[in-house]
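Work through the exercises below with the sequence and the 3D view open. Try each task before reading its solution.

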Amino acid sequence: MNNNKQVPPPPGISLGDVYYTIFRHKWKIVLTSLMGLLAAGAIYHLKAPLYQSQAELFVKYVPEATQMPLAGDSQRMIVPDRDGEDVINSEIKILTSLDVAEEAASNIGPANVLAKIGGGNSAGRAAGFIRNNLDAEPADEHSSVIVITLKHRDPRIVQPLLQAVINAYLQKHYEIHSASGQFEDAMTMEQSELSVRLNATEQQLADLKNRFNIISLDNSQKDLDTQLSKVHGEILDAQAELSADEAALNDISERQSPNMATTNRSPAAIPRDQVDAYTEACTGLDTFRKKEQDYLIQGFTRSNSLLQSIEEQITARQSEKEALEKKYPQIAGVAPVADSAGQGSAGLVTDPQTQMARIAGLKAKIQAWETQVASLQTEATNLNNLTPTIAQLQETESILQANYQTLSVSLEKSRIDEQLDTGKTPNIRPVQQPSPPIQDWKKTHKMMAMAAVGGIIGGIAWAFLIEMILDRSVKRPIEVERKLKLPLFLSIPNVNRNGYARLGRTAERRRLTFNGPAAEGNEKGNNRLVSVPNGDRQQISLEENPALQPFHKALRDRLILYFEVKNFTHKPKLVALTSAGRGTGVSTLASGLAASLSETGDGNVLLIDMNLENGAAQQFYKGKSCCGLDDVLAKETKKNALVQENLYVVNGNADSDGLSQLLPKQFTALVPKLKASEYDYIIFDLPNINPASITSHLARFMDITLLVVESEKTGRDTVEQANAWLTEVGATVGVVLNKTHQYVPKQLNQNV
């Protein structure tokens, strides 16, 4: 054995591990793969695809109203961006909404939708089926085209049903995105509220006007101003006339004094033209004074040019009047007097009583007009106080009327547009109308592939689960060094599984005995160890299994190389074979190794079997009882244990009164005798390792202890425990992996 330090294998799972796991559990993988194929076949027959119809819609833009529209308002257009995700995703949500599905089911009829899926007339169930079997997605990345697919079991209904879905979607799109669609309900409510507020305002304004007898605020104010101006003018005229009458009365009284000669004396005659001039001056004076009063009421100041011109006329008329009165003092008494109709009289008033009556009438008239002025002023004050309230109500009424009119026009336009079937969604155009019904097998094939592949993957996963977790046995040579950290001397295949079943059955033995007839072959030098029945006993003769002979020789060569590397030159060399469990082939391996060593040049070999209990078998050779360990160590008696050239076989537990009785208690004392013997190799066939066996006690005396591990049966924990017991007593341990199985083909064999 090469003592060079080996490079440890890399951690993890190697390609060899994968090959070994797959080929070892290939029938499990084949079984699960067949189950996956059967499942795929069941899916093919039981999951036939539904009929489907497909359509495509191109969304050019989306109208969006940002505020409540008024008559003539325009909408903002939202064009899909480069990615188009927000707009397209929003439209897909609308398209696949339950409202659209319910509208489509209502248009087609729930009974028609549910005819081949259980029947019934439930609108909710029909809408749910449409929504669950309706798919909408962008045609590709950054596309503004929506691909719509609807599936149904009935090929006759799927195409018209998809068209009904598209129509319902377009209607829903219009209601959501158009101004009228978005705000129609709000506009209707707003119109109702405006109507109530407008009626309340009109009623309040009407009540206020009726209470104060106001028809129009502006007209009422103008009428009051006109009336006030007129009454003020009348008062001024009456006051002027009163002053003239009082002056005339005084003049008459002065002229009609008691010292006059006669009361019937006529006054001096005044020219007619002077009387007319005086009358004209008085009339003009009154007229211009009225105008002056009107302008002052209207807010004109005296610095106004028009008012200054009037004042000049008043001054001129007053000067002319005073000049005539100075020239003709009695002219005031002979001036024309206006009658009750308001027309002047050419008569002259000379009677004091009449003049006094006229003065009293003028005073009464002035008092009445002043009372009227007070009433008009009160009315004007009330009207002025009401003006802000009435103006506010009128302004509110105008605004409400304007808003109401605008909403009415917008609502009417919206209702007209709603009744039109064309032009609602010019922003959405069909790229492809709903196609005729077809069956899409893609999803079914995908499910079939998943079932088939799942069976394969499940089998592989099952195999790796067993291999990596559940099965803790030692299976491959590489595991001895990788997982157990022990040196591997040899890996021997299982001849029962690799074409040597017939020969392998003759190679197993559990006890060593001798068979006389078989020993006859010793003369020819071809004796072999073989197990034969003999009543209640198991007898062994020398007959080596040809299938195992190359492996026994290989183990021999490895041992020889090991001793050379270790520079073991002493004789004899003690080799022990043991196992961590029963039935691992230790005895077969020990006898084969002993036979192979005996064939070498210096191969004087002694094989000691420590497995048989006292009295368990009687050994014979050439008709004589076989010798024991005491005899084989003595030169004069060891020839009785010779089974072939250079090979001696002895039962370490046979009945004897000598050294064999000292095993294993006084094996220490026996070792010097063994080492002083003439044997080159002494092979010990030891029992399997356990706390009660002698193996752990004897192993410390051996040059090498070979631990035989049966592949796929001996657990790693068992091997580790056995190795711990051996190393605890100082034994040198090597591993022989027996009955291995070659699962991986030679073409893929990577030393697994």
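## Exercise 1: Arginine 476

The charged end of arginine 476 sits over the ring of tyrosine 20, 4.6 Å from its centre. A charge counts as over a ring if NZ of Lys or CZ of Arg is within 6 Å of the ring centre and within 35 degrees of the ring normal. This is a predicted model: local features need pLDDT of at least 70, side-chain atom pairs count only at pLDDT 80 or more, and totals for chains, interfaces and linings use all residues. Residues are numbered from 1 along each chain as its sequence is written, and side-chain values use heavy atoms, with hydrogens and water left out.

**Task.** Find the salt bridges of arginine 476 with aspartate 17 and glutamate 479, and state whether arginine 476 is buried or exposed.

**Solution.** 
1. A salt bridge is a side-chain nitrogen of Lys or Arg within 4 Å of a carboxyl oxygen of Asp or Glu.
2. Take aspartate 17. Its side chain meets that of arginine 476 at 2.4 Å, N to O. The pair links distant parts of the chain: arginine 476 lies in the loop between helix 13 and helix 14, aspartate 17 in helix 1 (residues 15-24), 459 residues apart. Helices (H or I, at least four residues) and strands (E, at least two) are DSSP runs, numbered from the N terminus.
3. Take glutamate 479. Here the closest N and O atoms to arginine 476 are 3.7 Å apart.
4. Check burial. Buried means under 20% relative accessible area, exposed over 50%, and partly exposed in between (1.4 Å probe, protein chains only). Arginine 476 has 6% relative accessibility, so it counts as buried. Glutamate 479, at 2%, is buried. Aspartate 17 is buried too.

## Exercise 2: The nonpolar patch

**Task.** Which helix gives the largest share of the nonpolar patch?

**Solution.** 
1. Define the patch. Patches are made of residues with over 30% relative accessible area and no salt bridge; like charges are joined within 9 Å, nonpolar side chains (Val, Leu, Ile, Met, Phe, Trp, Tyr) within 5 Å.
2. List the members. They are Ile13, Leu31, Met35, Trp462, Leu465, Met468, Ile469 and Leu470, with about 790 Å² of accessible area together. Areas come from the Shrake-Rupley method with a 1.4 Å probe; for residues, only the protein chains shown count as cover.
3. Assign the helices. Helix 2 (26-46) and helix 13 (442-470) each supply at least two residues. Helix 13 gives the largest share, five residues.
4. Look at tryptophan 462, in helix 13. Its relative accessible area is 36%, so it is partly exposed. The charged end of lysine 28 sits over its ring, 6.0 Å from the centre.
5. Compare leucine 34, in helix 2. At 47% relative accessibility, leucine 34 counts as partly exposed. Its C-alpha atom is 8.4 Å from that of isoleucine 456, 422 residues apart along the chain.

## Exercise 3: Aromatic rings

**Task.** Classify the ring pairs that phenylalanine 568 makes with tyrosine 562 and phenylalanine 563.

**Solution.** 
1. Recall the description. A pair of aromatic rings is described by the distance of the centres and the angle of the planes.
2. Apply the cut-offs. Rings of Phe, Tyr and Trp (its six-membered ring) pair if their centres lie within 6.5 Å; planes under 30 degrees apart count as stacked, over 60 as edge-to-face and the rest as tilted.
3. Count the pairs. The whole structure holds seven aromatic pairs.
4. Take tyrosine 562 and phenylalanine 568. Their centres are 6.4 Å apart and their planes at 90 degrees, so the pair is edge-to-face.
5. Take phenylalanine 563 and phenylalanine 568. Their centres are 5.8 Å apart and their planes at 35 degrees, so this pair is tilted.
6. Tyrosine 562 is buried at 8%, and phenylalanine 563 is buried at 2%. Phenylalanine 568 is partly exposed at 26%.
7. Join the pairs. Ring pairs link Phe489, Tyr562, Phe563, Phe568 and Tyr681 into a cluster.

## Exercise 4: Backbone geometry

**Task.** Where do lysine 485 and lysine 739 lie, and is each buried or exposed?

**Solution.** 
1. Start with lysine 485. It has a positive phi of about 60 degrees although it is not a glycine. It lies in the loop between helix 14 (477-482) and strand 10 (488-493). Its relative accessible area is 61%, so lysine 485 is exposed.
2. Turn to lysine 739. It also has a positive phi of about 60 degrees, and is not a glycine. It lies in strand 21 (residues 733-740). At 15% relative accessibility, lysine 739 counts as buried.
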